[in-house]
Amino acid sequence: MGENFKNHSHDSVDAKLFSTSSSSRNVDQRSTELFYLFTKHKNAPEGSYEKYEARVKLNEVMLKRSQVDNNVKHLGELLFGVEKGNEVLHSVRPAGQPLVDNWDCLKSYVKIFEAHCGRLTTYGRKHVRGIANICNAGITSEKMAAMSAQACSS
């Protein structure tokens with residue numbers, strides 16, 4: 001659950017990832033919708049409504065991804081400070097340790113986040129590790145709710 005890459009960028013999409021012509025290209029599960037829309041846009045006739053429609057949808061999906069990333073980043077900054085927020089959200093526990101100490105906390109905090117920020121999509125679930133880290137840090141549910149509301153209202 002969540003990303004396990006210490007230097008993983010949470011940028012929403014980079015079209016260069018899909019620019020190869022190989023049809024057997026492996027695509028990360030979180031990027032399948034983007035790959036589909038990118039391919040649909042690329043293959044549509046130049047100047048067609050189909051190309052325009054695919055581009056609009058692609059932009060919408062990228063904007064929503066960026067919004068989720070920014071909401072989680074802002075939540076981390078509100079809870080742990082600008083300097084430590086990103087570090088806490090992306091920290092990875094040593095091998096052998098569970099993702100979270102209290103699974104009920106994780107389920108509850110995901111629901112709190114979704115209540116204020118919208119349902120986590122397949123893409124958004126990459127942030128579950130960050131929410132687990134919030135639980136592991138001992139943040140109260142009241143503070144999680146208040147900061148989620150603040151992070152996602154701006």
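Guide: Helices here are DSSP runs of type H or I with at least four residues, numbered from the N terminus. Please keep in mind that this is a predicted model.

Visitor: In which helix is the place of His 41, and does His 41 count as buried or exposed?

Guide: His 41 has its place in helix H1, and among the residues that His 41 touches, leaving aside those up to four places away in sequence, are Lys 51 and Ala 54. Buried means under 20% relative accessible area. The relative accessibility of His 41 is 19%, so His 41 counts as buried.

Visitor: How far apart are the end C-alpha atoms of helix H2, residues 49–80, and what span should its 32 residues have?

Guide: The buried residues of H2 include Lys 51, Ala 54 and Leu 58, and the helices against which the buried residues of H2 pack include H1 and H4. At 1.5 Å a residue, the 32 residues of H2 should span 46 Å, which agrees with the distance between its end C-alpha atoms, 46 Å.

Visitor: Which residue meets Glu 46 in a salt bridge?

Guide: Glu 46 counts as exposed because its relative accessibility is 69%. The side chains meet with N to O at 3.7 Å, and the partner of Glu 46 is Lys 51.

Note on methods:
Residues are numbered from 1 along each chain as its sequence is written. This is a predicted model: local features need pLDDT of at least 70, side-chain atom pairs count only at pLDDT 80 or more; totals for chains, interfaces and linings use all residues. Side-chain values use heavy atoms; hydrogens and water are left out. Helices (H or I, at least four residues) and strands (E, at least two) are DSSP runs, numbered from the N terminus. The expected span of a helix is 1.5 Å times one less than its number of residues. Buried means under 20% relative accessible area, exposed over 50%, partly exposed in between (1.4 Å probe, protein chains only). Contact means heavy atoms within 4.5 Å. A salt bridge is a side-chain nitrogen of Lys or Arg within 4 Å of a carboxyl oxygen of Asp or Glu.
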